[in-house]
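Subject: Handover of a structure and its findings

Dear colleague,

Please find the structure below, followed by an account of what was found in it.

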Amino acid sequence: MYGFLAACYLRPPDENIIAAYNALQPTIKGLKPVEVSDKAYLTQEFHDLFKVPLRKFTTPYESAFLSDDSPSITGITRQSLQKTYAAVEFTIPPEFHEMPDYIGIELSFMHLLCAVEMNAMENGQTGPAENC
């Protein structure tokens, strides 16, 4: 689930994201299906919400919710996340030009942690799972 949510924040929807979203329909009451033909509209919505700071723009950055835009809090939050990411060798893929506290990056990190924990548990290793 974290991987799907991260993808929704990191890139405009493609056929795979639309298919994954539609696959959730039976499990989430009231979820309406999306057609691939809606991709252009969804792409525009993605850019309006997450990339272009205009009327619909949201602020999907952790530091925006932790402070009153104080540069020191923003910097501390981002530095702390960089250290946390480095501790488990998580790097922000270069194609995503985002800060460490962007929700899509944080969700990608959670996806990695869950994968590491699952792998450790499947292999009877408790150390990596406990570190996560």
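How many helices and how many strands does the protein have? The protein has seven helices and zero strands, where helices (H or I, at least four residues) and strands (E, at least two) are DSSP runs numbered from the N terminus. From the N terminus on, the order is α-α-α-α-α-α-α.

The model is predicted: local features need pLDDT of at least 70, side-chain atom pairs count only at pLDDT 80 or more, and totals for chains, interfaces and linings use all residues. Residues are numbered from 1 along each chain as its sequence is written, and side-chain values use heavy atoms, with hydrogens and water left out.

Overall figures

Of the 132 residues, 29% count as buried; buried means under 20% relative accessible area, exposed over 50%, and partly exposed in between (1.4 Å probe, protein chains only). The protein exposes about 8800 Å², of which carbon and sulfur atoms supply 59%; these areas come from the Shrake-Rupley method with a 1.4 Å probe, and for residues only the protein chains shown count as cover. Among the contacts (heavy atoms within 4.5 Å) with a separation of 6 or more, 42% are between residues 24 or more positions apart.

Aromatic pairs

A pair of aromatic rings is described by the distance of the centres and the angle of the planes. Rings of Phe, Tyr and Trp (its six-membered ring) pair if their centres lie within 6.5 Å; planes under 30 degrees apart count as stacked, over 60 as edge-to-face and the rest as tilted. A search of the whole structure finds six such pairs. One of them joins tyrosine 9 and phenylalanine 50, whose centres are 5.0 Å apart and whose planes stand at 55°, so the pair is tilted. Tyrosine 9 belongs to helix H1 (residues 2–10) and phenylalanine 50 to helix H3 (residues 39–50), 41 residues apart. Tyrosine 9 is partly exposed at 23% relative accessible area, whereas phenylalanine 50 is buried at 14%. Ring pairs also link Tyr9, Phe46 and Phe50 into a cluster.

Tyrosine 61 and tyrosine 102 form another tilted pair, with 5.2 Å centre to centre and 55° between the planes. Tyrosine 61 is in the loop between H3 and helix H4 (62–66), and tyrosine 102 in the loop between helix H5 (71–87) and helix H6 (103–122). Both are buried: tyrosine 61 has a relative accessible area of 18% and tyrosine 102 one of 0%.

Charged and polar side chains

Four salt bridges are counted, each a side-chain nitrogen of Lys or Arg within 4 Å of a carboxyl oxygen of Asp or Glu. Lysine 39 and glutamate 15 form one of them, with the closest N and O atoms 3.2 Å apart. Since lysine 39 lies in helix H3 and glutamate 15 in helix H2 (residues 15–23), the pair ties together parts that are 24 residues apart in sequence. In another, lysine 56 meets glutamate 45 at 2.5 Å between the closest N and O atoms.

Arginine 78 and aspartate 101 also meet in a salt bridge (2.7 Å, N to O). Arginine 78 is in helix H5, and aspartate 101 is in the loop between H5 and H6. Arginine 78 is partly exposed at 21% relative accessibility, while aspartate 101 is buried at 0%.

Which residue does the side chain of serine 63 meet in a polar contact? The partner is the side chain of aspartate 101, at 2.5 Å; a polar contact is a pair of N or O atoms within 3.5 Å, where within protein one must be able to donate a hydrogen and the other to accept it, and residues adjacent in sequence count only if both atoms are side-chain atoms. Serine 63 is in helix H4 and is buried, with a relative accessible area of 3%.

Yours sincerely
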